[in-house]
Amino acid sequence: MEKFKEKRKVSPERARKLLAENGTHVSLEQAKLIVDLMYMFADIALRPYTSPKSPPI
């Protein structure tokens with residue numbers, strides 16, 4: 001999860017604020033875990049398209 005730290009545009013503070021605006025209140029530590037999970041899902045979803053062996057679309 002550390003490999004995304006320099007590229008992140010969504011901070012735990014921002015995620016916490018966005019969640020609170022929609023009625024979900026979380027701690028800063030929980031928001032950090034949510035952001036980490038979000039970036040892991042994004043990496044998994046995009047991996048087939050960004051790997052060197054991916055076929056052309």
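1. Buried means under 20% relative accessible area, exposed means over 50%, and partly exposed lies in between. Lys32 has 29% relative accessibility, so Lys32 counts as partly exposed. Asp36 has 4%, so Asp36 counts as buried. Keep in mind that this is a predicted model.

2. Start with the helix that holds both residues. Lys32 and Asp36 lie in helix 2, 4 residues apart, about one turn of the helix. Helix 2 has 23 residues. From first C-alpha to last, helix 2 reaches 31 Å, close to the 33 Å expected at 1.5 Å a residue.

3. Helix 2 is bent. The bend is about 30 degrees and sits at Ile44. A proline, Pro48, follows within four residues.

4. Next, the buried side. The buried residues of helix 2 are Ala31, Val35, Asp36, Tyr39 and Asp43. They pack against helix 1 (12–21). An α-helix has 3.6 residues a turn, so residues three or four places apart point the same way. Note that two aspartates, Asp36 and Asp43, are on the buried list.

5. Which residues are linked with Asp36 in a network of salt bridges? Arg8 and Lys32 are. The Asp36 and Arg8 side chains meet at 2.7 Å, N to O. Asp36 lies in helix 2 and Arg8 in the segment before helix 1, so this pair ties together parts that are 28 residues apart in sequence. Both Asp36 and Arg8 are buried. For Lys32 and Asp36, the closest N and O atoms are 3.2 Å apart.

6. A further salt bridge joins the side chains of Arg47 and Asp43, at 2.6 Å, N to O. Arg47 and Asp43 are 4 residues apart in helix 2, so about one helical turn separates them. Arg47 has a relative accessible area of 44%, so Arg47 is partly exposed. Asp43 is among the buried residues of helix 2. A search of the whole structure finds 3 salt bridges.

7. Finally, the surface. Which residues form a nonpolar patch there? Leu37, Met40, Phe41 and Ile44 do. Together they have about 380 Å² of accessible area. Leu37 is found in helix 2, residues 28–50. At 38% relative accessibility, Leu37 falls between the 20% and 50% cut-offs, so Leu37 counts as partly exposed. Ile44, a member of this patch, is also where helix 2 bends.

Conventions: Residues are numbered from 1 along each chain as its sequence is written. This is a predicted model: local features need pLDDT of at least 70, side-chain atom pairs count only at pLDDT 80 or more; totals for chains, interfaces and linings use all residues. Side-chain values use heavy atoms; hydrogens and water are left out. Patches are made of residues with over 30% relative accessible area and no salt bridge: like charges are joined within 9 Å, nonpolar side chains (Val, Leu, Ile, Met, Phe, Trp, Tyr) within 5 Å. Accessible areas come from the Shrake-Rupley method with a 1.4 Å probe; for residues, only the protein chains shown count as cover. A salt bridge is a side-chain nitrogen of Lys or Arg within 4 Å of a carboxyl oxygen of Asp or Glu. Buried means under 20% relative accessible area, exposed over 50%, partly exposed in between (1.4 Å probe, protein chains only). The expected span of a helix is 1.5 Å times one less than its number of residues. The bend at a residue is the angle between axes fitted to the seven residues ending there and the seven starting there. Contact means heavy atoms within 4.5 Å.
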